[in-house]
Amino acid sequence: MDGSSKRSAAETFPAAYNALRAALAHVANGDVGPIKALYSHADDATSMYGWGGYEKGWEAISRRWDWAGQQFKGGTVRHENVTTIVGTEIAYTTDIETFDVKLPDMDRPTQWTNRVTHVFRFEEGGWRLLHRHANRLEGQYEPAQRLGGTAKPTS
């Protein structure tokens with residue numbers, strides 16, 4: 001990559017990050033089109049979502065987003081950026097996401113907070129989401145507490 005390509009990749013990342021946030025707002029309302037448009041369609045793309053499991057490759061990721069879209073019946077998502085690192089071909093962000101949404105068979109919205117990592121790759125002149133890993137934000141705890149030991153929580 002020459003110098004002008006490196007600059008354009010770094011300079012264009014904020015727009016991709018904003019597109020991700022906008023796409024997640026659509027997800028909260030059951031519309032997965034924008035997030036699927038942002039995602040890399042490569043075989044090495046991966047996802048590890050907050051409801052368990054993982055996917056590798058565009059076909060599996062696409063099916064999982066379709067399923068996820070059926071779970072959201074309207075709401076909002078807020079983001080708190082923890083870290084953003086942008087390189088010439090790879091960038092990543094860590095965020096705290098809070099969803100306030102209605103889910104199937106619920107009469108009122110529910111709220112949960114995830115800790116999330118997004119990895120982007122600069123592909124064919126633009127940033128594409130290569131990986132999303134999200135899981136519930138919890139307080140810190142001693143491992144033995146979770147594994148059946150008797151250790152006390154750290155906080």
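Phe 13, Tyr 17, Phe 120, Phe 122 and Trp 127 come together as one aromatic cluster in this predicted model. Twelve aromatic pairs are counted in total.

One of these pairs joins Tyr 49 and Trp 65. Their ring centres are 4.9 Å apart and their planes meet at 55°; stacked pairs need planes under 30 degrees apart and edge-to-face pairs over 60, so this pair is tilted. Tyr 49 sits in the loop between strand S1 (46-48) and strand S2 (55-56), while Trp 65 belongs to helix H3, so the contact ties together parts that are 16 residues apart in sequence. Tyr 49 and Trp 65 are both buried.

A further pair is made by Phe 72 and Trp 112. Here the ring centres lie 6.2 Å apart with planes at 35°, so this pair, too, is tilted. Phe 72 is found in the loop between H3 and strand S3 (75-86), and Trp 112 in strand S5 (residues 110-123), so parts that are 40 residues apart in sequence are tied together. Both Phe 72 and Trp 112 are buried.

Along H3, the buried residues are Trp 58, Ala 60, Ile 61, Ser 62, Arg 64, Trp 65, Ala 68, Gly 69 and Gln 71.

Conventions:
Residues numbered from 1 in each chain as written. Predicted model: local features only at pLDDT ≥ 70, side-chain atom pairs only at ≥ 80, totals over all residues. Heavy atoms only, no water. Buried < 20%, exposed > 50% of the residue type's maximum accessible area, 1.4 Å probe, protein only. Helix = DSSP H or I, 4+ residues; strand = E, 2+ residues; numbered from the N terminus. Phe/Tyr/Trp six-rings, centres within 6.5 Å; stacked < 30°, edge-to-face > 60°.
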